[in-house]
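Here are my notes on the model, point by point. Have the coordinates open while you read.

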Amino acid sequence: MIAVRGPEAGHFLHNLLTSDIDHLGPGQAAYAALLTPQGKILFDIMVLRDGDGYLIDCAAGQRSDLMKRLAMYRLRAKVEIAARDELAVGVSPVAAAGGYRDPRSEDIGWRMMGAPEGEAEGYDAARIAAGLADSEADLGSGEFFPHEANLDQLGGVNFRKGCYVGQEVVSRMEHRGTARSRILPVVVGGAAPHRGTGISSGVKQIGTLLSSSGTRALALIRLDRLAEATAPLVADGATVTVLKPAWARYEVPGAA
């Protein structure tokens, strides 16, 4: 966790991130991202209103880099940025004391501080089945546009707010409908091949596998190529079926 406090904390985060932070009420959380100026996701995060400040729920392996990036943008803003090592984040399929509902989807449950060991059992399988990308296992940093990672579908982008870092690129993709690739859940005929394995229809590659759990996986899929596919989808010899998540408001050609 990262704590951001000070009289200008809300304004500071609102002007940096893709979501509406100004209007978060006490205990409310928003899914958001900090982008590069070119519009790619550096960090996808949850921002939780906590008293007179905010807590940032981020990937543990990205926390140090995120704090450095926030400090770079702070300039003269009246904001304090501090690591909160004591606030370990856990997950639960049901409501938990001191927790908050994951703002991306009702299908993925709750997040809370100080969860007991073993609370995360089955989380990756549930996350992948729900079509939700992980910060480290799937997205990395500087690789995906928000539309590719479905932030526009999961409440991670507010298209009515003012400027933020990378806003012009994201708005252009939204208004022109130029998001050709999306991260989607898939079912593999057998254990899923390793991350980075290509998915092909005949000789044409239409996607790339990301994280997996058993026969379920996430994959970055070119929707235009999926629409044109005439041969079965295959990854390293295993058949692949693309699914359409319940939250997706766009068409997924031929999806189960």
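1. Let's start with a side chain: is Asp85 buried, partly exposed or exposed? Asp85 is exposed, its relative accessible area being 60%. For these labels, buried means under 20% relative accessible area, exposed over 50%, and partly exposed in between, using a 1.4 Å probe and protein chains only.

2. A word on the ground rules. This is a predicted model, so local features need pLDDT of at least 70 and side-chain atom pairs count only at pLDDT 80 or more, while totals for chains, interfaces and linings use all residues. Residues are numbered from 1 along each chain as its sequence is written, and side-chain values use heavy atoms, with hydrogens and water left out.

3. Back to Asp85, which makes a salt bridge with Arg63 at 2.5 Å, N to O. The two partners come from distant parts of the chain, 22 residues apart: Asp85 sits in the loop between E5 and strand E6 (89-92), and Arg63 in helix H2. A salt bridge here is a side-chain nitrogen of Lys or Arg within 4 Å of a carboxyl oxygen of Asp or Glu. The count by this rule is 11.

4. Some other salt bridges are worth a look. Glu86 pairs with Arg84, with the closest N and O atoms 2.4 Å apart; Arg84 is partly exposed at 24% relative accessibility. Arg104 and Asp102 form another, at 2.8 Å between the closest N and O atoms. Here Arg104 is buried at 9%, and Asp102 is buried at 2%. There is also a salt-bridge network that links Arg5, Asp50 and Asp52.

5. Lys161 deserves a careful check. This residue is in the loop between helix H4 (135-139) and helix H5 (167-176). Lys161 is buried yet has no salt bridge, and the nearest side chain of opposite charge is Asp20, 6.4 Å away. On charges, Lys and Arg count as positive and Asp and Glu as negative, with His and the chain ends not counted. What does the side chain of Lys161 reach at 2.8 Å? It is the backbone oxygen of Ser19. A polar atom of the Lys161 side chain also lies 2.5 Å from the backbone oxygen of Leu17. Polar contacts are pairs of N or O atoms within 3.5 Å; within protein, one must be able to donate a hydrogen and the other to accept it, and residues adjacent in sequence count only if both atoms are side-chain atoms.

6. Now the barrel. Six strands close up in the order E9-E12-E11-E10-E13-E14, with antiparallel pairing. Neighbouring strands of this sheet are turned by 40° against each other on average, direction ignored. Strand E9 (residues 181-188) pairs with strand E12 (residues 216-222) in the antiparallel sense over seven bridges, and Val187 has Arg216 as its bridge partner in E12. Two strands pair if DSSP finds at least two bridges between them. Helices (H or I, at least four residues) and strands (E, at least two) are DSSP runs numbered from the N terminus.

7. Strand E13 has a residue to look at as well: Leu233 lies in it and is buried at 11% relative accessibility. Leu233 and Ile199 are 34 residues apart in sequence, with their C-alpha atoms 6.4 Å apart in space.

8. Strand E1 (residues 2-5) has two partners to inspect. Three bridges join E1 to strand E4 (residues 53-57), running antiparallel, with Val4 bridged to Tyr54. E1 also pairs with E5 in the antiparallel sense, over four bridges; there, Ala3 stands opposite Ala82.

9. Helix H2 (residues 63-74) passes a simple length check: at 1.5 Å a residue its 12 residues should span 16 Å, and the end C-alpha atoms are 16 Å apart, which agrees. The expected span is 1.5 Å times one less than the number of residues.

10. Leu75 follows H2 and has a positive phi of about 50° although it is not a glycine; Leu75 is exposed at 73%. Asp236, in the loop between strand E13 (233-235) and strand E14 (238-242), also has a positive phi, near 50°, and is exposed at 65%.

How values were computed: Axes fitted to C-alpha atoms, helices over the stretch in contact; angles between N-to-C directions.
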